[in-house]
Amino acid sequence: MRVFWVCSSLAAQKWVSSFSPSKSLDWHALLFLFLVILCLNPSHSVDLNPQDGASLLAFKSSIQDPNKNLSSWIGSNCSDWTGIACENKTGRVVSIKLSDMNLSGQINPGLCNLSFLEHLILSQNNFSCSIPTCFGNLIRLRTVDLSGNRFQGVVPETLMKLENLEELVLVGNQYLKGPIPSWIGNFSTKLQKLDLGFNSFSGELPESLSNSTSLKYLDLRNNYLKGNVFDFQQPLVLLNLMSNRFSGTLPCFSACKQSLTVLNLANNSIFGGVPTCIASLRALVQLNLSSNHLTYKMSPRLLFSEQLLVLDLSNNDIYGPLPSRIVETIEKSGLVLLDLSHNRFSGGIPSKITELRSLQALFLSHNLLVGEIPARIGNLTYLQVIDLSYNFLSGSIPLNIVGCFQLLALILNNNNLSGEIQPELDALDSLKILDISNNMISGEVPLTLAGCKSLEIVDFSSNNLSGNLNDAITKWSNLRYLSLARNKFIGNLPSWLFAFEVIQLMDFSSNKFSGSIPDVNFNICSNFNSGDISRPSKDPFAVKKVVNFKVSTVVDVSSELRFNYDLSSAVGIDLSNNLLHGSIPEGLFSLEGLQYLNLSYNSLEGQLPGLENMQSVRALDLSHNYLSGEIPGNISILEDLTLLDLSYNCFSGLVSEKQGFKRFPGAFAGNPELCVESSGEGCRSTGYPTVPGKISDSESEGPISVWVFCLSAFVSFYLGTVSLLCSARARNYFLHTKA
């Protein structure tokens, strides 16, 4: 909004210090007093031009305003009208800013009578009409922002008459479609920003865009555009073409050598190598070429300037050794994120990486890397995420890693790491995610890990860990996921097993735990007890629950670099394939939020409690135990139950059709004393077991054991993405640009 009155604070101070009631005031002093009071009066009004007022009211009459944001549009004082700014002398409307007001409906053509309008901002509303062609009559417009609506159709040709336009922002209108108009790059010699992202535009880039001399910021991400990427002829500052269908090889962007700060071509079909001329972009802060078809080795001459903060070449087919140097002068580098994951890099991790002192996120997963983790990794004291998973790294976790004291995620799964978990890891007291699964790590879980009080996701599965569970785990009060599966743990299950308030999935399967399942207060675990969980997919193997970690740091005031670590797992408990005995606590069968329960391949005994309270259960496997008695209750109300396996136990009695078990054929196999009622056939025996609780040589594990509960095996944490953003120093750029 424009400032129409400027008051001199110096004059005001002078008046205050010189005025005295004992002095007579002549008319000059009175006039001066009047002017000062007028200047200091915040309620100064500008009369709204009646014609413009009528146009605004016509606009208001055709839209829905459920939040009554425009209820202030009464009277003649322009400053009282929400979102409206007027020119001081004439009262003509020069600016409309109605962002995020939940407005919807049709835009009345009367709005186009505001002939002095310079800024039109209707972003983040619910308008669902076409962009009015009459907008082309508003020839004084400098800014048009219609982002975050549901405008549809094509960009009207009449907009080419807006010769003074500096910014055209139509991002986030998914029903805007058709080709980008051929005139878009030359209709205004003042156009600096063009944002058409997150729409449905198709076709190739118009030639006019490559020659628009005034254009600085071009964002066309998330459309259906195709063809080759231009070697733009103007000094762009930002170019974001991610998530389209562009192909061809990378140009050098020679005209942008000193200006381009953001180059984002991620998620296209660009092929060939990364040309060394890209490094000549001296102002480059973010380079994102991820998810393309780039290949070949990286040239040792590809050295970026120290301005670079973000380098993402992930999800390509680049091979050869990791580059020993990324930037020209390592000691001056401000690199915050390095993502070379999901390629075919081989060889060892260069020690030079540990000299990138500003690094906060290092992603080298899903490559062919060998050798040991660099011993000096702890030099990276700003590091928040390390992901070296799915390689062939060997040796132990270096003790020096505790120098990364800001670490939030340590992801080393699926390597050939050995040695023991070092007690000194307790120094990583900010750690939220610790995944060392699928390695060869041995020894016990150190008591000192109690110091890692921020842990939320812990996966120690598929190692050679042993010993009893100690109380260190009880200090992880924010624990959401815990997997100790496929190790060599022994001893009784501790009484604190179900004492984690926000636990979502615990997997202790395939160990040598003995004793009984603790009969404790199961109501502490909120996820296990929540009856408000949204209804799951009918596919029992579908991922339903997602744990999002948005531990993000702002790179600068207008942008953010974000990594989402989505832990894909159901709400469940897996204690299968252990040496447990005794009866199953009834409280386990009263957990309304529990989706998966696997207690198979133990020596559990006693009767089966009713299942009716397990409202969210999708898979239940109690097979290969010594459970006895009759099958209780009616499960027809459990609409989400998809897999049920009670086979190879000692159940007896009659299972009637009315109980709703008919949809689970084979669920009662191997219970010789059990009679299952079948339509027209009367009572049918379920056959004879081999030895309850054991697997015969000829039989394979049931579908729940093999598929559903291998979910907890496959939920090793790179099913998603850690949500992390880098911190304050660099902070010029981002993976997802908010220009």
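The reply below goes through the disulfides one by one.

Reply: This is a predicted model, and it holds three disulfides.

One of them joins Cys78 to Cys86, with 2.0 Å between the sulfur atoms. The torsion about this S-S bond is about 90 degrees, so the link of Cys78 and Cys86 is right-handed. Cys78 has a relative accessible area of 2%, which makes it buried. Cys86 is likewise buried, at 2% relative accessibility.

Another disulfide connects Cys112 and Cys134, with an S to S distance of 1.9 Å. The link of Cys112 and Cys134 is right-handed, with 50 degrees about the S-S bond. This pair links distant parts of the chain, 22 residues apart: Cys112 sits in the loop between β4 (104-105) and β5 (119-121), and Cys134 in the loop between β6 (126-127) and β7 (143-145). Cys112 and Cys134 are both buried.

The remaining pair is Cys252 and Cys277, whose sulfur atoms are 2.0 Å apart. The torsion about the S-S bond is about -85 degrees here, so the disulfide of Cys252 and Cys277 is left-handed. Cys252 is partly exposed, because its relative accessibility is 26% and the buried class ends under 20%.

Cys129 is buried at 7% relative accessibility, whereas Cys650 counts as partly exposed at 35%.

Terms used:
Residues numbered from 1 in each chain as written. Predicted model: local features only at pLDDT ≥ 70, side-chain atom pairs only at ≥ 80, totals over all residues. Heavy atoms only, no water. Disulfide = S-S within 2.5 Å. Buried < 20%, exposed > 50% of the residue type's maximum accessible area, 1.4 Å probe, protein only. Helix = DSSP H or I, 4+ residues; strand = E, 2+ residues; numbered from the N terminus.
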